[in-house]
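Open the model in your viewer, and keep the selection panel at hand. Here is a tour that goes from one chain to the other, with a few stops along the way.

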Amino acid sequence: MAQIINHLPILQVIVPLLLGPFCVVLGHRGLARIIMVTTAVIMLVISAMLLGGTLQGEVFIYQLGGWAAPWGIEYRVDGLTAFVLITINLVHLLASVFCLGRADDNIAASARPVFYCAWLLCIAGLNGMVVSNDAFNVFVFLEISSLSTYVLISCGRDPKALLAAYRYLVMGAVGATFVLLSIGLLYMQTGTLNITDLAGIIAIRGSDRTVVMALAFFTIGIGIKSGMFPLHDWLPNAYGFAPNSVTVLLSGTATKVALYVMLRFLYNLFGAEFSLIEMPLDTVLIICAILGMLLAPIMALRESNLKRMFAWSSVAQISYMVMGIGLGSTAGAAAALLHLFNHSLVKVAVFMATGVLIARTGTARIRHLGGVAHHQRFACYTLLFGGLGLIGIPGTVGFVSKWMLVSAAVDKGWWWLAIPVLAGSLASAAYIWRIVETLWAKPAEIDLCKPGAPIHIVEWLPLSVITALALWFGLNASFPSELAALAANSLADTGQ
Amino acid sequence: MSVAGDGMAVPGLLNYWVAVGVLVCGLIMVVDSRNMVKKLIGLNLFQSAVFLIFITMGKVSNGSAPILDPAVSTYSNPLPHVLILTAIVVGVATTALGLALVVRIRRAYGTIYEDEIADKPQVEPEIIP
């Protein structure tokens with residue numbers, strides 16, 4: 001048993017990476033489904049074990065092939081890593097179960113094994129980005145997850161999904177190459193790729209123009225991947241036209257992992273002192289965040305497609321996390337991490353409910369969904385609950401993390417940041433209200449609801465689990481706040 | 001990090017200048033081109049420029065190829081080359097996937113020009129059967 005525990009960091013990546021191709025080799029839809037859900041369960045168990053270990057103050061270090069750290073590739077799991085791992089693997093399990101339902105019945109049965117394989121490769125890449133402590137390895141996993149994400153998005157029902165996937169591919173490849181260039185410049189100055197080692201050498205040598213350029217390329221590259229405000233161009237189309245279950249998966253994992261990498265590199269590798277104070281990156285991030293908070297809800301309000309509307313809301317919510325990162329304090333990082341977790345819960349619930357509605361009615365147009373709430377009660381009430389969480393009504397998870405974010409800003413003396421946070425929340429109340437009004441009050445423009453399409457168990461089960469979690473953590477936020485605080489502390493400890 | 005090779009003398013930071021030039025050309029093609037295939041070509045140029053930067057920094061003055069040989073004492077650094085092998089594979093995969101998407105876009109829309117797709121009156125399926 002002790003043997004297995006030492007190997008957990010690598011198993012977190014290897015299990016989906018090896019089992020994914022099995023889906024294609026076996027070529028059977030039923031078997032592929034069993035493999036996918038089993039993998040998701042195994043991965044959640046592994047990350048729960050890792051979290052249990054880190055809660056006792058342990059730091060897992062795994063050296064690939066037994067090669068010692070600066071030469072070999074090293075995987076490292078501390079409090080922050082375990083926190084992100086548990087978030088994305090929880091979302092992955094629920095999304096995998098949801099994916100078995102009728103949300104995406106446009107994907108042909110023969111294409112299903114390949115779809116499941118891409119799905120597992122995507123989550124393998126995301127887990128790899130989180131556990132790896134080697135800068136180049138992070139890039140490789142970034143590309144594994146990105147390439148499979150393009151495939152997943154292109155499976156959407158509408159031909160526009162192809163365009164969305166193509167545009168994301170071009171932007172994503174440019175972003176990833178920027179990250180690669182940044183890693184190259186860092187290697188040029190330090191001669192190492194290990195993140196801990198890099199951090200030590202940069203702290204001793206101090207910065208020069210090459211390191212500054214590396215920081216600039218890295219921030220732009222990872223900003224594209226995380227959907228940070230002015231670089232978010234791919235996000236609304238990619239989320240809007242991807243298959244419903246893929247939107248659920250991406251909203252809860254992909255951008256979150258990119259934000260984790262941003263946090264890790266800015267705070268640990270470059271050092272918060274250098275990246276946020278010596279370079280004026282804190283100002284840049286805060287300005288981007290404020291613009292995102294205020295403008296994205298306006299775009300959401302003008303949107304006629306339900307999924308694209310919530311995609312714009314994701315852009316707004318990512319801005320809150322970017323603001324937490326830009327504050328540069330441990331409290332700010334903790335608030336960003338808590339918002340990352342809470343937003344994952346809420347947005348996954350919202351996109352699942354949206355997926356159920358779209359699969360039942362066959363349309364994503366908001367004006368065609370009038371009065372649907374009287375037919376699909378469960379999905380619409382969870383959508384409403386998720387919407388309240390997005391606004392940040394007291395008693396929901398959104399309130400807890402926004403409150404922490406504002407208090408972190410006040411601690412730093414930037415009390416005026418409360419104004420855009422409040423304004424952004426009010427603006428999101430406007431578009432949530434619009435949805436509520438349509439779903440409940442408006443008469444149906446066309447009677448779309450096919451009778452005899454009740455919600456299936458694989459759809460309501462993950463939806464109820466995630467809603468119950470969001471409800472519980474909204475009323476009693478001590479557990480996730482403690483985890484986020486521990487994660488932020490481990491970030492600060494590694495930085496020293 | 002001098003770039004001067006043992007056989008031919010390369011003046012100053014020429015490799016880096018060339019790499020930056022190619023990088024900018026590639027990026028301009030990605031941004032400016034309406035043709036989706038040309039965009040991908042630009043993307044390839046852009047990636048190749050980054051590869052060139054990596055290869056250049058692996059070069060050690062008067063260093064030989066990193067193959068163990070009793071006659072040689074100075075070797076070039078093989079690590080950037082290995083990294084770039086991986087990055088090339090990634091680049092090939094990205095290009096292949098991009099081209100596959102362009103083929104399917106062409107089937108769905110009948111064109112590979114972005115502005116023509118935007119101009120097309122979209123017969124958006126209001127209700128998907």
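This is a predicted model: local features need pLDDT of at least 70, side-chain atom pairs count only at pLDDT 80 or more; totals for chains, interfaces and linings use all residues.

Chain B has 129 residues, and buried residues make up 25% of them. If you display contacts within chain B between residues at least 6 apart in sequence, 46% of them join residues at least 24 apart.

Next, keep chain B selected and bring in chain A. Here 30 residues of chain B are in contact with 26 residues of chain A. Which elements give two or more residues to the side of chain B that touches chain A? They are helix 2 (36–58) and helix 3 (79–109) of chain B. Helix 3 of chain B gives the most, with 14 residues. Colour this side of chain B by residue class, and its residues divide into 23 nonpolar, four polar and three charged.

Now hide chain B and select chain A. The secondary structure of chain A comprises 21 helices and two strands. Its C-alpha trace spans about 70 × 55 × 40 Å along the principal axes. The radius of gyration of chain A is 21 Å, which agrees with the value near 23 Å that a compact globule of 496 residues would have. In chain A, 62% of the 496 residues count as buried. Of the contacts in chain A with a separation of 6 or more, 80% are between residues 24 or more positions apart.

In soluble globular proteins, nonpolar side chains tend to be buried together. Zoom in on A:Leu120: leaving aside neighbours within four places in sequence, its contacts are A:Pro16, A:Leu19, A:Gly20, A:Cys23, A:Met36 and A:Thr39.

The next stop is a helix pair. Select residues 254–269 and 306–327 of chain A, which are helix 12 and helix 15. At what angle do helix 12 and helix 15 of chain A pack? The angle is about 10 degrees, and the axes are 11 Å apart. Helix 12 of chain A is therefore roughly parallel to helix 15 of chain A. Show side chains for A:Thr255, A:Leu259, A:Met262, A:Leu263 and A:Leu266 on helix 12 of chain A, and for A:Ile318, A:Met321 and A:Ile325 on helix 15 of chain A, to see the residues that make the contact. They divide into seven nonpolar, one polar and no charged.

Then go to A:Asp282, in helix 14 (residues 281–302) of chain A. Is A:Asp282 buried or exposed? A:Asp282 is buried, with 20 other C-beta atoms within 10 Å. Not counting residues up to four places away in sequence, A:Asp282 touches A:Leu276, A:Ile277, A:Gly326 and A:Gly328. A:Gly328 is 46 residues from A:Asp282 in sequence, yet their C-alpha atoms are 7.1 Å apart in space.

Finish at A:Phe229, in the loop between helix 9 (209–226) and helix 10 (235–241) of chain A. A:Phe229 is buried, with 22 other C-beta atoms within 10 Å. Beyond its neighbours within four places in sequence, A:Phe229 is in contact with A:Cys288, A:Ala289, A:Leu291, A:Gly292, A:Val315 and A:Ser319.

Technical notes:
Residues are numbered from 1 along each chain as its sequence is written. Chains are lettered from A and ligands numbered from 1 in the order in which they are written. Two residues are in contact if their C-beta atoms, placed from the backbone, lie within 7 Å. Helices (H or I, at least four residues) and strands (E, at least two) are DSSP runs, numbered from the N terminus. Ala, Val, Leu, Ile, Met, Phe, Trp, Tyr, Cys and Pro count as nonpolar, Asp, Glu, Lys and Arg as charged, and the others, Gly among them, as polar. A residue is buried if 20 or more other C-beta atoms lie within 10 Å of its own, exposed if 12 or fewer, and partly exposed in between; C-beta atoms are placed from the backbone. The radius of gyration is taken over C-alpha atoms; the globule rule is 2.2 Å times the number of residues to the power 0.38. Axes are lines fitted to C-alpha atoms, for helices over the stretch in contact, and angles run from 0 to 180 degrees between N-to-C directions. Angles under 35 degrees count as roughly parallel, over 145 as roughly antiparallel, 65 to 115 as roughly perpendicular and the rest as oblique.
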